[in-house]
Amino acid sequence: MNKIFYTVLLAVGFATYVHACPTCEKHKHPAAQQKITEVHAKNSVQPTLLKEGQKIIINDSYSFKYNFAEKPKMGQSVLKIQVLDANGKTSSNLKISATYDMPSMRGHHATKVDLIQKNKKGVYLLPVNFVMQGDWEIVLTFKDTDKNIFVGVINLEI
Ligand SMILES: [Cu+2]
């Protein structure tokens, strides 16, 4: 009987120790970083967390900016992506694909766009259908010929 008691005590003690462990990966990283790690597991390129309106460097030849045509809300929104070449001119040389979903209920609204279409000005336009309120994640993958050169993640709340 005593043996069992001490075994249980030891197990509880160990569980408490593990939970409080300061080096534990789970507690060290903020939520956004955890999401990024999940995305990373599916891509060979290290994903970058993106911010609307900011210039994001892809490589020596390309950079891009993104913004929503209007403040995203329930229903259809349009994400605009403008790729710039080394001279700062709009470029439509890259292929961009996208996936989007709700991280809190992964798989339920998972949507894939294999090739984002461009308008006449060479700006990429991604229609995103936010069918629920809550947390959303959009993953953009940029390809030069057939090689992935950049993966970006957008996290937003609807
Ligand atoms: Cu949902």
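These legends accompany close-up views of a predicted model.

Local features are described where pLDDT is at least 70, and side-chain atom pairs count only at pLDDT 80 or more, while totals for chains, interfaces and linings use all residues. Residues are numbered from 1 along each chain as its sequence is written.

View 1. Helices (H or I, at least four residues) and strands (E, at least two) are DSSP runs, numbered from the N terminus. Along the sequence the pattern is α-α-α-β-β-β-β-β-β-β-β-β-β-β. Of the 158 residues, 17% count as buried. A residue is buried if 20 or more other C-beta atoms lie within 10 Å of its own, exposed if 12 or fewer, and partly exposed in between; C-beta atoms are placed from the backbone. Two residues are in contact if those C-beta atoms lie within 7 Å. Among contacts between residues at least 6 apart in sequence, 49% join residues at least 24 apart.

**View 2. An open sheet of five strands.** The strand order is β1-β11-β10-β6-β7, with mixed pairing. Strands β1 (48–49) and β7 (111–113) stand at the edges. Each has a single partner strand, so one side of each is left without a neighbour in the sheet. Two strands count as paired if DSSP finds at least two bridges between them.

**View 3. Strand β10 and its two pairings.** Strand β10 spans residues 135–144, and seven of its 10 residues are buried. With β6 (residues 95–101), β10 pairs in the antiparallel sense over seven bridges. With β11 (residues 147–157), the pairing is also antiparallel, over 10 bridges. β10 and β11 form a hairpin with two residues between them. Threonine 145, in the turn, has a positive phi of about 50°.

**View 4. Leucine 140 and the strands beside it.** Alanine 98 stands opposite leucine 140 of β10. In β11, the bridge partner of leucine 140 is glycine 152. Leaving aside neighbours within four places in sequence, leucine 140 is in contact with Ile96, Ala98 and Gly152. Elsewhere in β10, isoleucine 138 stands opposite tyrosine 100.

**View 5. The largest nonpolar core, with 20 residues.** A nonpolar core is a set of buried Ala, Val, Leu, Ile, Met, Phe, Trp, Tyr and Cys residues joined through C-beta atoms within 7 Å. The residues with the most contacts inside this core are Leu79, Ile81, Ile96, Ala98, Leu126, Ile138 and Leu140. Elements giving two or more residues are β3 (63–68), β4 (75–84), β6, β9 (124–130), β10 and β11. The largest share, five residues, comes from β10. In soluble globular proteins, nonpolar side chains tend to be buried together.

**View 6. Methionine 105, in the loop between β6 and β7.** Methionine 105 counts as exposed because it has 12 C-beta neighbours inside 10 Å. Methionine 105 and glycine 134 are 29 residues apart in sequence. In space they are 10.0 Å apart, C-alpha to C-alpha.

**View 7. Asparagine 119, in the loop between β8 (117–118) and β9.** Asparagine 119 has 10 C-beta neighbours inside 10 Å, so it counts as exposed. Serine 92 is 27 residues from asparagine 119 in sequence. The C-alpha to C-alpha distance between asparagine 119 and serine 92 is 9.7 Å.
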